[in-house]
Structures are given as C-alpha cells and as structure tokens.
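Have the viewer open and follow along.

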Amino acid sequence: MKLLKYCLGMMLTVQVSISCGQTTSIAVAANMKDAFAEIYTEFRVTKKSDLRVIYGSSGNFAAQILNGAPFSLFISADEYFPLELYKSGKTIDEGKVYAFGKIALITKSSSGIQLSNSKVDLEGAIKKANKIAIAKPDLAPYGKAAIEYMKAEGLWTLAKDKLVYGDNIGAATMFVASGAADLGFTAISLAKSPQIAKETSFIPLDDRLYAPIKQRMVLIKGAPQGAIALYQFMQSEKARGILIKHGYEVLR
C-alpha cells in the first residue's frame, strides 16, 4: 500500500484552474519527487510560504503553463521546455540549470532478470523481458534519454516492440515496481528511493550514450515572493547537497 501511494504521487499531472485561489502552485518534474520533498522540508524550516507542489511530466506542465495554468515556478527535468516558455514570454528570464540527471535500468527483484552493464547481459535482460517501461519521450526528457541510450548501445531493435510508455518517469517506474513491466528505464534519483528500492534493483547506465539531462527551473512572470524564495533556495549549498545525495550532479 505504501508503494502504491508513493507511485500514485509520482504519477500526478495537473489540471489546474484559477479556483486554486491565492495558493502558490509549483510544477515539479516527477524525477525530482524524493529530492524535492527533502529540499522543500529544509526550505520550510526558515520560510513558511504556502506552496502547492504538483509532480508530473515536463512536457505536460509546459503545455499547461502556455495555456494559462497558474503555476509560479516550473522545476523541469530538462532545458527545452523552460526555454520554450521563455521564448513565449511566459517567464521572468531564462532561469537556472539546477541539476544534471542520470538514467538507470530497473527491474522488479522478483522478475528473475539479472542486471549488468555488459552488452551481452543487457541483451539477455531485454530478450527475457515481456514489457519494458519508459516515459513518453515527447513529454519526458528521461524517456528521450532512454531511447538515445538504446540506440547508441545497439539495443533498440531488440527493445522497441516491447516498450510501454508512462506519461512521466514516475509512471514508468511504477510499471516496474508494480510488476506491470519486467524492465524499465528510470531516473537514478527514483531508483534510489527507499520505497522503490524495496521492490526493485537497478544499475546506472553509461551517461556518455545519451545527451546530458540538464534540468532547468524558471520563474513564471508575476511569481509571488514565496516562489522566488524557493527558486533562490534551490541554488543554495543545502539544496545542492540534497540533490547530490539523490544521484544528481550539480554545477559548482
């Protein structure tokens, strides 16, 4: 039950209306769920801002913001979507790259699939799997990175007909953790989550085989002080330390 609640939380996308009133809404990429929860807890020690945090896919959030959804801060899983919002005049500026994400291959512990970075073993794992979960590459940067990795490693032909797609990386991770897929591509930060790690095992994948996942955040025009304070806190040494702990790289 705890795993189900955790995974449902990662799957959340949002249909926000103006009825949210004065509550400040923050859009956060699903790969950041555990790391951001810890960052937000630390932020709340000194700031008492009333922020509503929503997790989902970066592509969905960008579309919603373009259509007027009242988010004040967008913490994305990539650069493309925040910069598109900037070009569309929705943001204060180009924002900041706050982290570099990494992908991992994950399997449910009871699947009987052994994970290894050996090319032969990777091929064997894909052949053994009936379904392989990834995030939708047009919406989620981690899904795009997974496809880049498979093509670069020569695994695409073996895997492509077995793929099942989650709307975001949290949903794809849930497919594996619940047993709906035998194998999946996820973010290292999610694979390391205690709730997910209880049910699964993972290996990090060679980050030379996919484009760097530069995760950027942007303030939306008109953002209130609470969102601005959180944006600034995300650049602090405290927040960077938490990101590193959860498997991200950060700029120094």
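## A buried phenylalanine and its partner

Phe-81 has a relative accessible area of 13%, so Phe-81 counts as buried, the cut-off being under 20%. Keep in mind as you look around that this is a predicted model.

## Aromatic pairs

How many aromatic pairs does the count come to? The total is seven aromatic pairs. One of them joins Phe-36 and Tyr-40, which are stacked, with 6.0 Å from centre to centre and 10° between the planes. You will find both residues in helix H2, which spans residues 33–46. They are four residues apart there, about one turn of the helix. Are they buried or exposed? Both Phe-36 and Tyr-40 are buried.

Now back to Phe-81, whose ring pairs with that of Tyr-80. Their centres lie 5.2 Å apart and their planes meet at 75°. Planes over 60 degrees apart count as edge-to-face, so the pair of Tyr-80 and Phe-81 is edge-to-face.

## A ring cluster and two crossing helices

Phe-36 and Tyr-40 also belong to a cluster, in which ring pairs link them with Phe-43 and Phe-233. Where do H2 and H11 touch? On the H2 side are Phe-36, Ile-39, Glu-42 and Phe-43, and they meet Gly-226, Ala-229, Leu-230 and Phe-233 in H11.

Helix H11 covers residues 225–233, and its axis comes within 11 Å of the axis of H2. The two axes cross at roughly 115°. Angles of 65 to 115 degrees count as roughly perpendicular, and H2 and H11 are therefore roughly perpendicular to each other. Their crossing is right-handed.

## Lysines over rings

Two lysines are worth a look. The charged end of Lys-33 sits over the ring of Tyr-55, at 5.7 Å from its centre. Lys-151, in turn, lies over the face of Trp-156, 5.1 Å from the ring centre.

## Around Trp-156

Trp-156 is found in helix H7, residues 156–159. Its relative accessibility is 22%, so Trp-156 counts as partly exposed. Which residues does Trp-156 touch, not counting those up to four places away in sequence? They are Ile-147, Met-150, Lys-151 and Leu-163.

For a sense of distance, take Ala-30: Trp-156 and Ala-30 are 126 residues apart in sequence, and their C-alpha atoms are 25 Å apart in space.

Notes. Residues are numbered from 1 along each chain as its sequence is written. This is a predicted model: local features need pLDDT of at least 70, side-chain atom pairs count only at pLDDT 80 or more; totals for chains, interfaces and linings use all residues. Side-chain values use heavy atoms; hydrogens and water are left out. Rings of Phe, Tyr and Trp (its six-membered ring) pair if their centres lie within 6.5 Å; planes under 30 degrees apart count as stacked, over 60 as edge-to-face and the rest as tilted. Buried means under 20% relative accessible area, exposed over 50%, partly exposed in between (1.4 Å probe, protein chains only). A charge sits over a ring if NZ of Lys or CZ of Arg is within 6 Å of the ring centre and within 35 degrees of the ring normal. Axes are lines fitted to C-alpha atoms, for helices over the stretch in contact, and angles run from 0 to 180 degrees between N-to-C directions. Angles under 35 degrees count as roughly parallel, over 145 as roughly antiparallel, 65 to 115 as roughly perpendicular and the rest as oblique. A crossing is left-handed if the near helix is turned anticlockwise from the far one by less than a right angle, and right-handed if clockwise. Contact means heavy atoms within 4.5 Å.
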